[in-house]
Amino acid sequence: MISIRRATQADSDAIATMHREQIPWGLLTDLGPRFVEAFYRTLLSSPVGFVFVAEDDAGPVGFASGVVHWRRFYRAFFAGNWRLAAGVVLRRVLDVRRWRRLAETSRYATAGDLPGSELLSIAVRPRARGTGTADALVRHVLDEFSRRGVTQVRVTTALSNEAAARVYERSGFRLLGDAEIHPGEIARVYVIALQPDSRAG
């Protein structure tokens with residue numbers, strides 16, 4: 001049986017490992033294990049971020065994360081991890097393509113014409129696929145956004161990722177349109193309107 005709970009700092013390494021395993025093509029993974037680990041440690045300690053973990057008797061099988069305000073999170077991440085970021089820059093200073101992609105991602109993430117709140121990432125290990133775990137993780141993320149008074153949330157997925165698109169559509173997300181975040185790479189951008197929890201404050 002699979003259960004879902006709010007993640008803590010003690011889960012950060014497991015979450016980072018799942019991210020690298022299940023999202024190997026992403027820019028975050030491309031920046032290296034230490035960068036992924038720092039990202040989730042910062043997210044879990046941030047007042048604008050949160051993560052939920054799904055687990056079975058053998059351990060973690062998935063996670064989903066969200067951020068309430070991208071700009072605030074970016075500032076906090078780079079302020080707290082500037083040595084790590086500088087080290088990555090120095091090691092890869094000649095890799096123009098990688099840093100262009102980072103700049104493009106940053107521009108998209110902080111775009112003023114999109115909701116500032118985002119379902120950041122979701123991953124489910126193979127043994128838990130087809131069990132409804134992804135849908136349940138998305139529901140937990142959306143409930144947390146509602147609890148925090150958020151009224152609109154976005155999520156982005158690759159044009160070819162039909163499985164993710166179906167999960168988002170089942171959860172109530174509506175396709176806003178396609179975005180070329182990186183040249184030649186088309187992504188689908190989804191948005192959902194939420195009712196703030198009456199207990200939000």
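What percentage of the 201 residues in the protein chain is buried?

Reply: Buried residues make up 49% of the 201 residues in the protein chain. This is a predicted model. The chain has eight helices and seven strands. Its accessible surface comes to about 10,300 Å². Carbon and sulfur atoms hold 53% of that surface. Now the contacts with a separation of 6 or more: 72% of them join residues 24 or more positions apart.

Now to Ser-12. Ser-12 has 5% relative accessibility. The cut-off for buried is under 20%, so Ser-12 counts as buried. Leaving aside residues up to four places away in sequence, Ser-12 touches Arg-41 and Leu-44.

Ala-10 lies in the loop between β1 (3–6) and α1. Ala-10 has a relative accessible area of 72%. Exposed means over 50%, so Ala-10 is exposed. Arg-41 comes up again here. Ala-10 and Arg-41 are 31 residues apart along the chain, and 9.1 Å separates their C-alpha atoms.

Next, helix α3, residues 33–45. This helix has 13 residues. From first C-alpha to last, α3 reaches 19 Å, close to the 18 Å expected at 1.5 Å a residue. The buried residues of α3 are Phe-35, Val-36, Ala-38, Phe-39, Tyr-40, Thr-42, Leu-43 and Leu-44. Leu-44, then, is a buried residue of α3 and a contact of Ser-12.

Phe-39 and Tyr-40 belong to a cluster linked by ring pairs. Phe-63, Trp-70, Phe-73 and Tyr-74 are in the cluster too.

The structure holds nine aromatic pairs. Phe-50 is buried at a relative accessible area of 1%. Phe-52 is buried as well, at 7% relative accessibility.

Tyr-168 and Phe-173 also pair, with centres 5.8 Å apart. Their planes stand at 65 degrees, so this pair is edge-to-face. Tyr-168 counts as buried at 5% relative accessibility. Phe-173 is buried, with a relative accessible area of 1%.

Terms used. Residues numbered from 1 in each chain as written. Predicted model: local features only at pLDDT ≥ 70, side-chain atom pairs only at ≥ 80, totals over all residues. Heavy atoms only, no water. Buried < 20%, exposed > 50% of the residue type's maximum accessible area, 1.4 Å probe, protein only. Contact = heavy atoms within 4.5 Å. Helix = DSSP H or I, 4+ residues; strand = E, 2+ residues; numbered from the N terminus. Areas by Shrake-Rupley, 256 points an atom, 1.4 Å probe, with all protein chains shown as cover. Expected span 1.5 Å × (residues − 1). Phe/Tyr/Trp six-rings, centres within 6.5 Å; stacked < 30°, edge-to-face > 60°.
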